[in-house]
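Here are my notes on the model, written as numbered points. Please keep the structure open next to them while you read.

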Amino acid sequence: MNSPNELKPGHATRHNPSRRSFVRTAALAGAAGYAALAAPASASQQQEAIDLFGEKSKLRKSDRDILVAAEIAEALAVTTYSNIISSSPFFKQLPDDDQGYLEGAVQEEMSHYLLEQSVTDQPSPFTEFFYPPNMFADAQTTLNILVTLEDAFIAAYLVGVRNFTTQNLRVTSARIMGIESDHRTLARVVGGDVTPATGGPINAITGIQGVSESIAPPNNNGYERTLCWTSIDQAVNALLPFVDFNTAKKAGFNTSQSFAFRPFTPTLPSPLGAFISFAGC
């Protein structure tokens, strides 16, 4: 008998899109959004609402395609970090500062998701994700995938910097990309702190380019890697194994189980690093 998170082959048409239809499906799906997070509006929030209205009124289809793809990526990120924290054996054996980093990262990714959803007025059309075998159980696999995803997120937000049609969206994309860069670096810091009892220390991590790279130094980029992506379709193709049953199966992922995205109200680690507004101040 399948558990609630297990999927059978061919489960749900929405999990089996073609590459060509993926962005179109994502942009059109999800008419029913998650409930709004109610709170009294401060003066800064009222200003943000004005800025948000302006962004929505200027949103073009190409902008929406990028934003919906980013929502899928952020939902995947939240799901990944949440399951590392809740179920990975190595997590509780990490030093407190490493645990705090991972706990902070899931809050930040959720904040990114909600911001993007506020502009598109639709949730991620994909909320169940697949991973390779031993994901979350094996520390090496988990960190390889975590860095792979952060590599993809960085390159995808750089596509946004290149292709968004408004200055506010381009700057916002750059602001989020900087946080994904933090996450990539700190994920590499975690490798050396994995205990021998849980498969560590991990001295090299393989990211999206398929090259095993030493964790020393963890901040091994002089410039962010674009992966030569110039279109959001390239980022979508990189995410397909995580969201599409058939592509996941072809990639050798574990398709007997999927992991659900569970939205929540985030609390950012510091108010100085909050979104504030599209103007950034």
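1. How many helices and how many strands does the chain have? There are eight helices and four strands, where helices (H or I, at least four residues) and strands (E, at least two) are DSSP runs, numbered from the N terminus. Starting at the N terminus, the order is α-α-α-α-β-α-α-β-β-α-α-β.

2. A word on ground rules. This is a predicted model, with local features requiring pLDDT of at least 70 and side-chain atom pairs counted only at pLDDT 80 or more, while totals for chains, interfaces and linings use all residues. Residues are numbered from 1 along each chain as its sequence is written, and side-chain values use heavy atoms, with hydrogens and water left out.

3. On confidence: pLDDT is the predictor's own confidence in each residue, from 0 to 100. The chain has a mean pLDDT of 87, and 82% of its residues reach 70 or more. Residues 1-16 have pLDDT below 50, and this stretch has 32 contacts in the model beyond near neighbours in sequence (contact means heavy atoms within 4.5 Å). Residues 27-41 are also below 50, with 23 contacts counted the same way.

4. Take the contacts between residues at least 6 apart in sequence: 81% of them join residues at least 24 apart.

5. Leu 149 makes a handy example. Leu 149 sits in helix H5 and counts as buried because its relative accessibility is 2%. Leaving aside neighbours within four places in sequence, Leu 149 touches Leu 76, Thr 80 and Phe 242. Between Leu 149 and Ile 208 there are 7.3 Å in space, C-alpha to C-alpha, although they are 59 residues apart in sequence.

6. Now the voids. The whole-structure search turns up four cavities of 30 Å³ or more. On a 1 Å grid over the protein atoms alone, a cavity is a set of points where a 1.4 Å probe fits but cannot get out, and lining residues have an atom within 4 Å of a point. Grid points are joined across faces, edges and corners, and a volume is the space filled by probe spheres set on the points.

7. What lines the largest cavity? Its volume is about 100 Å³, and 16 residues line it, with Ala 70, Ala 156, Tyr 157, Ile 232 and Ala 235 nearest its centre. Helices H3 (61-87), H5 (139-163) and H7 (232-243) each supply at least two lining residues, and H5 gives the most, with five. By class the lining has 14 nonpolar, two polar and no charged residues. Here Ala, Val, Leu, Ile, Met, Phe, Trp, Tyr, Cys and Pro count as nonpolar, Asp, Glu, Lys and Arg as charged, and the others, Gly among them, as polar.

8. The second largest cavity holds about 80 Å³ of space. Among its lining residues are Leu 67, Ala 70, Glu 116, Tyr 157, Ser 173 and Phe 278. Two or more residues come from each of H3, helix H4 (96-120) and helix H6 (167-193), and H6 gives the most, with four.

9. Side chains of opposite charge can pair when their charged atoms come close. The search finds five salt bridges, a salt bridge being a side-chain nitrogen of Lys or Arg within 4 Å of a carboxyl oxygen of Asp or Glu. Asp 121 pairs with Lys 56, with the closest N and O atoms 3.0 Å apart. That pair spans 65 residues, from Asp 121 in the loop between H4 and strand S1 (128-131) to Lys 56 in helix H2 (residues 43-58). Asp 121 is exposed at 54% relative accessibility, and Lys 56 is partly exposed at 30%.

10. Is the Arg 184 side of the next pair buried or exposed? Arg 184 forms a salt bridge with Asp 151, with the closest N and O atoms 2.8 Å apart. The pair links helix H6 to helix H5, 33 residues apart. Arg 184 counts as buried because its relative accessibility is 2%, and Asp 151 is buried too, at 6%.

11. One more pair: Glu 213 and Arg 225 meet in a salt bridge at 2.8 Å, N to O. Glu 213 lies in strand S3 (residues 212-214) and Arg 225 in the loop between S3 and H7, twelve residues apart. Glu 213 is buried, with a relative accessible area of 17%.

Key: On a 1 Å grid over the protein atoms alone, a cavity is a set of points where a 1.4 Å probe fits but cannot get out, and a pocket is an open set with protein on both sides within 12 Å along at least five of seven lines; lining residues have an atom within 4 Å of a point. Buried means under 20% relative accessible area, exposed over 50%, partly exposed in between (1.4 Å probe, protein chains only).
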